[in-house]
Amino acid sequence: IVADNDETPSARKAVEQAAAALNLDAIYVHAPARNISIARNATLDASTGDFVAFIDDDETADENWLATALSHLKAHQVDGVFGPAIAQYPDDAPQWMVDKNHHSNIPQRRGGKVLTGHTCNALIKRDTIGETRFLLEVGQSGGEDDEFFSRLYRQGARYEIADEALTFEDVLPQRMSYEWLSTRQYRSGQTYGRYLPPSRLKRSLYAGLTSLKVLFCYGMAGINLASPSAKNRWLLRGRFHMGGIAGSFGQPPKTLYGQNG
């Protein structure tokens with residue numbers, strides 16, 4: 001299922017030609033416009049199988065990606081699995097960026113549990129999703145997938161990590177900057193902070209503790225001024241926590257995707 005998120009059905013011919021060349025029973029869905037949540041929801045509406053797999057349009061997959069993910073899901077008897085999306089850097093990428101692999105998306109555990117994941121590499125039972133859909137208000141800021149899978153987790157879904165189910169993404173030139181990474185980290189923090197439990201006390205405690213984390217991160221960045229890799233790692237971590245504080249107080253996320261140009 002391919003969702004075309006443009007205002008006009010500009011990708012229909014390309015999708016139909018690719019499907020014919022690859023002998024695939026592809027479904028083309030025109031889902032305007034310029035909001036990734038609209039596109040993702042359209043694919044869910046069109047899905048009829050027992051499982052839904054997600055991959056981004058700028059990625060390629062290992063030839064065993066889907067089989068590996070499905071085998072892992074069944075072996076662990078969970079509702080969904082997430083695999084790594086590995087960044088492919090060009091030769092001229094800044095070394096500090098390559099050293100810390102900032103653009104790869106690696107699933108994480110918190111407290112030993114997988115609480116959420118990303119649509120760059122995911123497989124989940126269709127029955128688990130049900131009528132749940134991606135939020136439109138974060139469809140241009142990013143983070144809609146993290147919020148979506150977090151919401152399913154709170155509804156009872158259980159996840160695992162399939163380390164060997166790999167996808168790959170070429171890093172675009174316009175994303176190879178500290179500024180772009182800083183904005184993305186801040187937005188990711190906002191998404192996390194916005195969907196904390198609604199209790200004012202819990203949010204205040206989170207903001208207080210996270211403020212200390214921000215100070216710690218910037219202190220560590222200062223200690224590591226001589227090492228661009230370490231310095232930028234701590235600065236970006238601090239930006240995530242700053243976004244978390246802003247999100248916990250209701251600051252709306254900044255638009256990153258879906259704009260003209």
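A residue is called buried when its relative accessible area is under 20%, exposed when that area is over 50%, and partly exposed in between, with a 1.4 Å probe and protein chains only. By this rule Asp 45 is exposed, with a relative accessible area of 55%. The model is predicted: local features need pLDDT of at least 70, side-chain atom pairs count only at pLDDT 80 or more, and totals for chains, interfaces and linings use all residues. Residues are numbered from 1 along each chain as its sequence is written, and side-chain values use heavy atoms, with hydrogens and water left out.

**Salt bridges**

- A salt bridge is a side-chain nitrogen of Lys or Arg within 4 Å of a carboxyl oxygen of Asp or Glu, and the structure holds 9 of them.
- Asp 45 is in a salt bridge with Arg 133, where the closest N and O atoms are 2.9 Å apart.
- Asp 45 belongs to helix α2 and Arg 133 to the loop between α5 and α6, so this pair ties together parts that are 88 residues apart in sequence.
- Another salt bridge joins the side chains of Glu 7 and Arg 34, at 3.1 Å from N to O.
- Glu 7 sits in the loop between β1 (2-4) and α1 (12-22), and Arg 34 in the loop between β2 (28-30) and α2, so the pair ties together parts that are 27 residues apart in sequence.
- Glu 7 is partly exposed at 42%, and Arg 34 is partly exposed at 27%.
- Asp 6, Glu 7 and Arg 34 are linked in a network of salt bridges.
- Arg 12 and Glu 16 form a salt bridge as well, with their closest N and O atoms 3.9 Å apart.
- These two residues, Glu 16 and Arg 12, are 4 residues apart in helix α1, so about one helical turn separates them.
- Glu 16 is partly exposed at 44% relative accessibility, and Arg 12 is partly exposed at 37%.

**Helices and buried residues**

- Helices (H or I, at least four residues) and strands (E, at least two) are DSSP runs, numbered from the N terminus.
- Among the buried residues of α6 are Glu 144, Asp 145, Phe 148, Phe 149 and Tyr 153.
- After α6 comes Gly 156, whose phi is positive, near 120°.
- Ser 141 lies in the loop between α5 (126-129) and α6, and is buried with a relative accessible area of 3%.
- The C-alpha atoms of Ser 141 and Ser 211 are 23 Å apart, while the two residues are 70 residues apart along the chain.
- Thr 43 is part of helix α2 (residues 36-46) and is buried at 16% relative accessibility.
- Leaving aside residues up to four places away in sequence, Thr 43 touches Ile 1, Ala 3 and Phe 54, where contact means heavy atoms within 4.5 Å.

**A charged patch on the surface**

- Lys 100, Arg 110, Lys 213, Arg 233 and Arg 237 form a positive surface patch.
- Patches are made of residues with over 30% relative accessible area and no salt bridge; like charges are joined within 9 Å, and nonpolar side chains (Val, Leu, Ile, Met, Phe, Trp, Tyr) within 5 Å.
- One member of the patch, Lys 213, lies in helix α8 (residues 200-223) and is partly exposed, at 37%.

How values were computed. Accessible areas come from the Shrake-Rupley method with a 1.4 Å probe; for residues, only the protein chains shown count as cover. Lys and Arg count as positive and Asp and Glu as negative; His and the chain ends are not counted. The place of a charge is taken as NZ of Lys, CZ of Arg, CG of Asp or CD of Glu.
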